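The structure is shown below.

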Amino acid sequence: MSDCCPGSRTMDFSEKTDQGDTETGQRQSQLRQWPIQLHLVSPQAPYFQEKDILLVADCVPFALADFHKDYLKGKSIAIGCPKLDSDQEVYVEKIKSLIDDSKINTLTVQIMQVPCCSGLVQVAKAGADKATRKIPIKQVVVGLEGDILSEEWI
Amino acid sequence: MDDNIRSREIKETIDKYPEVGRILDEYGIGCVPCSVGSCFLSEVVGIHNLDPQTEATLMYRIEKAIYPDRDIPEPKVDMTRKPTQKKINYSPAVKNLVEEHVLIKRLLAMIPSITDYVETSAEVDKDLIMGCVDFIRGYADKFHHMKEEDILFKYVDEQGEIIQVMYKDHETGRNHIRQVVEGTESGNKAQIKEHLLGYRELLTQHIKKEDEILYPWIDRQLTDTQVGELFQKCSAADASVGEELPRRYEKFIIDLERKFLKEVSK
Ligand code: SF4
Ligand SMILES: [Fe+2]
Ligand SMILES: [Fe+2]
């Protein structure tokens, strides 16, 4: 991987003092399907039919503390990395099929703030452009320290 | 703040304390010209999505205006806070409605030239006026307002004052247009002028309220699932009238602009 890529620049925030509330109790996973990797899922899977779908960049759930509660809950998911994954034309076709065949209701694309991660939004847009149905698409950009930088319909 | 003020009809408060109207105006909250004015102050302020600091200051100033003698603690102003002036991000279906407003506003912009023309011509140009009436009824009302009334407004409490004001505006608009038709049939230029200008004034304010206040407020309450559903319902409504209708009305506006337009206001 090239060193000039800001997406792979080394950063350390272990000094961060605010750890948030000490949590107790157990939370439930909000995942309701398997598999989740975009190459592995079938776009026609029953868990996608007419659902609200999250398309999530691989790194996002590690940064976003409340991913399950705030985003995954009530949605179906597919994940991928726009920088390292191969055969992304397949991704485009699968997005198209999710929209046209599985008639998904909305698509929320969640990416990290690093520049190369926006490739996932391009994939989603390319799939949506190929599809004959139109659906609302939302982009959520997550900061390296788990903050939501923006959330908008595109 | 005193619950008494919060839950009193805004019109009543403004009538009694005109200063409150001026303060609201300063914050871009246009309740003074509103024809209904039976919203509660708390509802009015809530719908404008002010940042907490601005809201606290506004409420403080209103309370001060009503009870100048009362000892009210001044809200602390946090200078480090940036104003939360963000560009509005509409959900896709709502964005389409905002775009439809643009075409309607293009007609509104031409109304003064049209009424001038009517006044100075020997006979009322019936085709011209009835063409505008057809646009207003077919596009602004049937195509656009119906999506609001039959689809969008169903996502919030329709009995709420704010939606009631919108319904009332739509109805007032229809009355203006009935008068325009009457004036055209009887050749009454003054009647045409009065009600076309009245319609223009009404719709200009109405569209502004929707674009800046109502639509963003509705959008904030929608879940993603509802955003998807709303989009499909509006698309189905559009499909049911066909693509030809909005295109025909756009062409009508373009042709009219060739004739009347001095400057396009979008
Ligand atoms: S492109 Fe996105 S998902 Fe891939 S490694 Fe970079 S941040 Fe992670
Ligand atoms: Fe309206
Ligand atoms: Fe409208």
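In this predicted model, two salt bridges are found across the interface of chain A and chain B. In one of them, Lys75(A) pairs with Asp224(B), and the closest N and O atoms are 2.9 Å apart. Polar contacts also cross the interface of chain A and chain B: seven residue pairs are found, with both residues at pLDDT 80 or more.

Which strands of chain A supply at least two residues each to the side that touches chain B? They are strand 3 (106–112) and strand 5 (148–153). Strand 5 of chain A gives the most, with three residues. Sorted by class, the side of chain A that touches chain B has seven charged, three polar and three nonpolar residues.

In total, 13 residues of chain A are in contact with 11 residues of chain B. The two chains bury about 920 Å² between them, and 51% of this area is on carbon and sulfur atoms. Asn105(A), Pro136(A) and Trp153(A) supply 54% of the area that chain A buries against chain B, more than any other three residues.

The second largest pocket has a volume of about 440 Å³. It is lined by 23 residues, of which Gly7(A), Cys59(A), Met112(A), Val114(A) and Leu144(A) are the closest to its centre.

Technical notes:
Residues are numbered from 1 along each chain as its sequence is written. Chains are lettered from A and ligands numbered from 1 in the order in which they are written. This is a predicted model: local features need pLDDT of at least 70, side-chain atom pairs count only at pLDDT 80 or more; totals for chains, interfaces and linings use all residues. Side-chain values use heavy atoms; hydrogens and water are left out. Contact means heavy atoms within 4.5 Å. Buried area is the accessible area (1.4 Å probe) that two parts lose on being put together, summed over both. A salt bridge is a side-chain nitrogen of Lys or Arg within 4 Å of a carboxyl oxygen of Asp or Glu. A polar contact is a pair of N or O atoms within 3.5 Å; within protein, one must be able to donate a hydrogen and the other to accept it, and residues adjacent in sequence count only if both atoms are side-chain atoms. Helices (H or I, at least four residues) and strands (E, at least two) are DSSP runs, numbered from the N terminus. Ala, Val, Leu, Ile, Met, Phe, Trp, Tyr, Cys and Pro count as nonpolar, Asp, Glu, Lys and Arg as charged, and the others, Gly among them, as polar. On a 1 Å grid over the protein atoms alone, a cavity is a set of points where a 1.4 Å probe fits but cannot get out, and a pocket is an open set with protein on both sides within 12 Å along at least five of seven lines; lining residues have an atom within 4 Å of a point. Grid points are joined across faces, edges and corners, and a volume is the space filled by probe spheres set on the points.
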